[in-house]
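Visitor: I would like to go through this structure step by step. Please start with the ligands and then move to the protein around them.

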Amino acid sequence: MRVTVENGRAIKVTGEPDHPPTQGVLCTKVSRYADRVHHPRRLTTPMRRVGEKGEGRFEPISWDDALALAANRLSEIAARAPEAIVPYSYAGTMGLVQGDSIAQRFFHKLGASQLDRTICASAGAAGLKYTYGAGLGMLTEFFAESELILIWGANPIASNLHFWTRAQEAKRNGARLIAIDPYRSLTAEKCHQHIALKPGTDGALALGMMHVLITENLLDHAYIADHTLGFEPLKARALTYTPARVAQICGVDEQVIVDLARLYGNTRKASIRLNYGMQRVRGGGNAVRAIACLPSLTGAWRDRAGGALLSSSGWAPVDSFALARPDLMPGWPSAPARVINMNEIGNALLNPGEAGGDAAFGPKIEAIVVYNSNPVAVAPDSERVAAGFAREDLFTIVLEHFQTDTADYADLLLPATTQLEHLDVHKSYGHTHVMANLPAIAPVGEARPNTEIFRGIARAMGFAEPALYESDEAVAAAAFRWDDAALAGVDWPALKRTGWARLQVPDAPFAQGGFRTPSGKCEFYSERLAQQGIDPLPDYLPPYESAENAPELAARYPLAMISPPARNFLNSTFVNVESLRATEGEPHLDIHPLDAQQRDIAEGDEVRIFNDRGSMQARARVTDKAREGLVVGLSIWWKKLAPDGRNANQVTSQALTDLGGSATFYDCLVEVERA
Ligand SMILES: Nc1nc2c(c(=O)[nH]1)N[C@H]1C(S)=C(S)[C@@H](COP(=O)(O)OP(=O)(O)OC[C@H]3O[C@@H](n4cnc5c(=O)[nH]c(N)nc54)[C@H](O)[C@@H]3O)O[C@H]1N2
Ligand SMILES: Nc1nc2c(c(=O)[nH]1)N[C@H]1C(S)=C(S)[C@@H](COP(=O)(O)OP(=O)(O)OC[C@H]3O[C@@H](n4cnc5c(=O)[nH]c(N)nc54)[C@H](O)[C@@H]3O)O[C@H]1N2
Ligand SMILES: [Mo]
C-alpha cells in the first residue's frame, strides 16, 4: 500500500504497482483508508466512562491517569485471580507486531486467561493441518494459467479482489469458472456456472465428486501411491456417497454432480480456490478436509496451475513463540492458564464461575481487555455478548480507532494508531509475500500503538520483564525465522528497504509430494485425528441447524440464514465511513421469491428476522440470488448505525465447528416475517 502525504495528512492510499499480488490496485474499502484515518470521529484522547454501562458517555483523561487506572484495577484482580482477566482480540489490520506480540507477552506475564482465536479460520486451518500438515496451497499467481477454477465458498470480487484478477486472466485464456455457493454472489454471477448447494453441505459434495472420480477411474494412481495415505479407507467412505444421495443432501441435480466430477477429473490444470465462507458451519473442518483431498486424487498438484488454495499463511516462517512468549506464563509449560474460546465469549462473560457453582469454568471473568476487534458487533449470539459486556461488575478496557458498539461498553477507552501511523510486519493468507508496514504519518491526536499502550500498562504495574519493553523495531525483527529457506537473502533491514519480499516457495509445491504431515504425505486418513478419538477420514456432518439434524427446530425456523461480508465493509471496519456505508445503503435481506410469497413479503418491505436467540430487521430484496430456503444478510453492520440498533449476529449461535473450535455463523435457522 502506498500512501500520499501532504502537510502531515494522508490524502490518498493506492496499491503498490510493483508488488505482484497487488499490481497497483486496492479493494473498494481499503482504497478509502485515508478517510478513515482522518475521520472526524477518530478517538484522539484516552477517555473514562461517565455514563451508565453501555451508554457510551465518556470524559477525556490524560494518558498517565488512564494507564494508572488500568494498572490499579488489573493489579487488584490479578492479586486474587489472574485468570479472571481475559484479553479479547482478533486481527485488527493483521500485523504481527500490533497484533499478538507485546499484548500477548503482557497477558502471559500477568497469568491472564488465554484466548483461543477461532472466530474466522480455525476450522479450515485444522482441516488443512490434518490433510497437508499446515496452511499451505497453490500459489495465487498460477491460477491465471488454470483451465478450470472451482471458486468454492468464496466471493473474491468482494473479499479477495487480488485473486479475482488472476481468475479473470484465466477466464480470458479460456478457463471455465464454476462457483459453488448457496448464494449467487457478485462472483457467482460472473462465473460460467453456479452450483447453488444448500449451506453446510460441501463435505457431501466433495465426497460425491470422489465417488465419481473413483468409479469412473479419473484418478492419478501413481500420485496416490507415492504421495497420499489412506486411499483404501477413503475409497470405502466415498463409495457410500453416491451422486443420488449427495444430490438429495446438497439440493442439486445428480447430473450436476457427475458432470462436475468428470470435468474436474478430466482437466489437467484444475484448481480450487476455496475460502473460509464454507467452513462456518458444523462440518466446516471435515468439508475442508474432503475438498483438500481432491487434487491429490487426480494428481492436479503435478502442475503449478493445479491444486487447491485455502490459506497460504503456513509458507511464512513466523516465529510465534518469539512474538508471544508463552513461556512468560507463570504455569508454563505444565500448567498454562485457562483457555477461553472467543466464539463463546457471550457464555463466558455470563458464567458465574466457580464461586457461582461452575467449578470447571474457574474464576468468573472480572475484566476484559479488547483490542483489534469489535466483539459486540462481530461475535455470535450477540444478545448474550452484549448482556455480558453490560455487567456492572465487569471492568472493560477497549483500545480502538473509533467508538464502536464494543467501545460503548468500555470503562476505559484508549485511542490506538492505525496502520498508517505505526510500524508493523505482515504475512498473508492469500499470497506468498511478506511485507513491512512503515508509518507514513505521525499518530493522529494522542493515539498510541497497541504495543506502546501495553508497555505503558506493564510499566504502571511495575513489571520488570525486559520482553515487555522491546521496541516495535525489535519485535518486527524477531517476527520471522529469517534463516528459514523461504526467506533466503531477506532480513528485517532489507524488508524495510524494499517493503515486501516473495517467499521462496516452489511453483508447484506438492508436485513431488512433500506435505508437512507426520507421514510427509497428503493424509486422507489421519492417525492424529484417530488418536484423539475423532473420525480419521473426512465425512459429511449435517449442519446443527438443519432439517436433517434438528427437524423440530427446522419446523419452527425453516429458513437458513447466512451473513457473509458486504463488499464495502471489512467485517465491521469501515461501516462508519459515510461514503462506503452510503453505497451499502441499509441492512438488506435477500429472500427467494417463493419464500417471500409464502410470507406475504414484497420487494422493499421491512422484515423481521428471528429465532430463539434474537431478532433483527432489514429491508427485503426479493431475488433468486438466494436459493429457496436461504436468506442472506450481507454484513457486518455496526448495530448503532442500523435503523433498529441490531445486526445479523443477533441470530447466530455460539456452537462450534467439528474441528478447530471455529464459529458457525452460517449454521443458523431463522424465520422471517413482515415487520
Ligand atoms: N469486502 C470484504 N472483504 C473481506 C472481508 C469483509 O468483511 N469484507 N473480510 C475478510 C475476512 S476476515 C475474511 S475471513 C474473508 C472471508 O472471505 P471468504 O472466505 O470469501 O468468505 P465469505 O465472504 O464469508 O463467504 C464467501 C462465500 O461463501 C458463501 N457461503 C456461505 N455459506 C456457504 C456454504 O455453506 N457453502 C458454500 N460453498 N458457500 C457458502 C457465501 O454466500 C459467500 O458468497 O474475507 C476478507 N475480505
Ligand atoms: N455474522 C457474521 N459475523 C462474523 C462474520 C461473518 O461473516 N458473519 N465474519 C467473522 C470473521 S471472518 C471475522 S475475521 C471476525 C472479525 O471480527 P473483528 O476482528 O472484530 O474485525 P472488525 O470488525 O474488522 O473489527 C476490528 C476492529 O479493530 C480495530 N482496529 C484495527 N486496527 C487496530 C489497531 O491497530 N489497534 C487497535 N486497538 N484496534 C484496531 C478497528 O477499528 C475495528 O473496530 O468477524 C466474524 N463475524
Ligand atoms: Mo475472517
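Guide: The model is predicted. The shell around ligand 2 divides into 10 nonpolar, 15 polar and three charged residues.

Visitor: Which residues come nearest to ligand 2?
Guide: There are 28 residues around ligand 2. Those that come nearest are Arg36, Glu400, Ser572, Thr573 and Tyr666.

Visitor: How much of ligand 2 does the protein bury?
Guide: Polar atoms of the protein approach oxygen atoms of ligand 2 from several residues. A polar side-chain atom of arginine 36 lies 2.7 Å from one such oxygen, an N or O atom in the side chain of serine 373 is 2.8 Å from an oxygen of the ligand, and a polar backbone atom of asparagine 374 is 2.8 Å from an oxygen of ligand 2. Taken alone, ligand 2 exposes 910 Å², and the share of that buried by the protein is 96%.

Visitor: Is serine 572 buried or exposed?
Guide: Serine 572 lies in the loop between strand S21 (559–562) and helix H23 (578–584). Buried means under 20% relative accessible area. Serine 572 has 6% relative accessibility, so the residue counts as buried.

Visitor: With which side chain does the side chain of serine 572 make a polar contact?
Guide: Leaving out residues up to four places away in sequence, serine 572 touches Asn374, Ala377, Val378, Ile636 and Trp638. The polar contact between side chains has a distance of 3.0 Å, and the partner of serine 572 is asparagine 374.

Visitor: How many residues of the shell around ligand 1 are charged?
Guide: Ligand 1 is surrounded by 32 residues, and the closest are Asp181, Gly200, Asp202, Phe569 and Asn571. The shell divides into 19 nonpolar and eight polar residues, and the charged ones number five.

Visitor: What area does ligand 1 expose when taken alone?
Guide: A polar side-chain atom of lysine 29 lies 3.3 Å from a nitrogen atom of ligand 1. A backbone N or O atom of asparagine 155 is 3.2 Å from an oxygen atom of this ligand, and a polar side-chain atom of tyrosine 666 is 2.7 Å from an oxygen atom of ligand 1. The protein buries 96% of the area that ligand 1 exposes when taken alone, which is 900 Å².

Visitor: Why do the buried residues of H17 line one face of the helix?
Guide: In helix H17 (residues 382–389), the residues Ser382, Val385, Ala386, Gly388 and Phe389 are buried. Seen down the axis of H17, these buried residues line one face because they fall within an arc of 155°.

Visitor: What covers the buried residues of H17?
Guide: The cover is made up of both helices and strands. It includes helix H15 (345–350), helix H16 (375–378), strand S14 (367–371) and strand S15 (395–400).

Visitor: Which residue with positive phi follows H3?
Guide: Helix H3 (residues 102–110) is mostly covered, with eight of its nine residues buried. The buried ones are Ile102, Ala103, Gln104, Arg105, Phe106, Phe107, His108 and Leu110. The residue that follows H3 has a phi near 80° and is glycine 111.

Visitor: Which backbone oxygen does the side chain of tryptophan 315 reach?
Guide: Tryptophan 315 is found in the loop between strand S12 (307–309) and helix H14 (320–324). At 8% relative accessibility, tryptophan 315 counts as buried. Not counting residues up to four places away in sequence, tryptophan 315 touches several residues, among them Leu136, Gly137, Leu503 and Phe510. At 3.3 Å, its side chain reaches the backbone oxygen of glycine 137.

Note on methods. Residues are numbered from 1 along each chain as its sequence is written. Chains are lettered from A and ligands numbered from 1 in the order in which they are written. This is a predicted model: local features need pLDDT of at least 70, side-chain atom pairs count only at pLDDT 80 or more; totals for chains, interfaces and linings use all residues. Side-chain values use heavy atoms; hydrogens and water are left out. Buried means under 20% relative accessible area, exposed over 50%, partly exposed in between (1.4 Å probe, protein chains only). Helices (H or I, at least four residues) and strands (E, at least two) are DSSP runs, numbered from the N terminus. The arc is that of the directions from the helix axis to the C-beta atoms. Contact means heavy atoms within 4.5 Å. A residue is near a molecule or strand if one of its heavy atoms lies within 4 Å of it. A polar contact is a pair of N or O atoms within 3.5 Å; within protein, one must be able to donate a hydrogen and the other to accept it, and residues adjacent in sequence count only if both atoms are side-chain atoms. Accessible areas come from the Shrake-Rupley method with a 1.4 Å probe; for residues, only the protein chains shown count as cover. Ala, Val, Leu, Ile, Met, Phe, Trp, Tyr, Cys and Pro count as nonpolar, Asp, Glu, Lys and Arg as charged, and the others, Gly among them, as polar.
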